[in-house]
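Please look through this structure with my note beside you. The points cover aromatic rings and then a pocket.

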Amino acid sequence: MAGMLFSAVLMASSILHAAVPVPATMLVTGDINGGSVSVKKNAEVIAVEPGTTASVATGVVLDNSGTYSVEISKTTDFNGTQLTLIYSTGGNRYQLLSDGEALVFSFNGGLLPSRRTYGLTIGALISSSNGGDNGGSGGDSGGGGGTADASFDLNGDGKVDTKDTALIKQHVVSNAAYLAKYDVNSDKLINTRDIIDVIKAARAASLDR
């Protein structure tokens, strides 16, 4: 009887211990090789969840050649969370791209830091504390119009066009997992309403050009 009780206590203790999140760290490094603006030493590289602005972790560009490092420290219950990286300098934030698409990766940390390495380029301006003035990048014309359309620029190339509509159609048709950047109307669903909104934004952008 005593042995059975002892075994039950050990089992309960193991279950409780397994349920408690433990510290988890992930190190994201690589090089930023130009793009819509030049790379600057000491500029910030910020990890955020796609479709949000709140910082999960902030790293830095270590030198003028674009070497960057971001250390993300969370707990194991954060594993699997999708993240993206933002380049921040002079009050402006730009999407970082991998192979021409906005970088998206899953956090997968542990007590011993895991590591991911990405070669990146700087994409479209997504927000500015200077009223939308990008200091001469040529991509943002007056008053933050580019910032307003950023939620529809699904591939992060600085334009809203048929490439973005094709991306969201493919996502909806494939019944892929929820990804915040495709939820352009922020209703926690990704469906034909989002497709329609992106199509409208692409049409409006073509009329502005």
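1. Start with one term: a residue is buried when its relative accessible area is under 20%. By that cut-off, both F105 and Y118 are buried. Keep in mind that this is a predicted model.

2. There are three aromatic pairs in the structure. One of them joins F78 and F107: the ring centres are 5.3 Å apart and the planes stand at 65°, so this pair is edge-to-face. It links distant parts of the chain, 29 residues apart. F78 is in the loop between strand 4 (67-75) and strand 5 (82-89). F107 is in the loop between strand 8 (105-106) and strand 9 (114-128).

3. Are F78 and F107 buried or exposed? F78 has 12% relative accessibility, so it counts as buried. F107 has 1%, so F107 counts as buried too.

4. Another pair is F105 with Y118. Their ring centres lie 5.7 Å apart with planes at 35°, so the pair is tilted. F105 belongs to strand 8 and Y118 to strand 9, so the pair ties together parts 13 residues apart in sequence.

5. Go back to F78. The charged end of K74 sits over the F78 ring, 4.8 Å from the ring centre.

6. Now the largest pocket. It holds about 660 Å³ of space. Its lining has 29 residues, and P50, G51, T52, A150 and S151 lie nearest the centre. Strand 5, strand 6 (92-98) and strand 9 each give two or more residues to this lining. Which strand gives the most? Strand 9 does, with four residues.

7. What kinds of residues line the largest pocket? The lining divides into 14 nonpolar, nine polar and six charged residues.

Note on methods. Residues numbered from 1 in each chain as written. Predicted model: local features only at pLDDT ≥ 70, side-chain atom pairs only at ≥ 80, totals over all residues. Heavy atoms only, no water. Phe/Tyr/Trp six-rings, centres within 6.5 Å; stacked < 30°, edge-to-face > 60°. Buried < 20%, exposed > 50% of the residue type's maximum accessible area, 1.4 Å probe, protein only. Lys NZ or Arg CZ within 6 Å of the ring centre and 35° of its normal. 1 Å grid on protein atoms, 1.4 Å probe; cavity = no way out; pocket = protein on both sides within 12 Å on 5 of 7 lines; lining within 4 Å. Points joined across faces, edges and corners; volume = space filled by probe spheres on them. Nonpolar A, V, L, I, M, F, W, Y, C, P; charged D, E, K, R; others polar.
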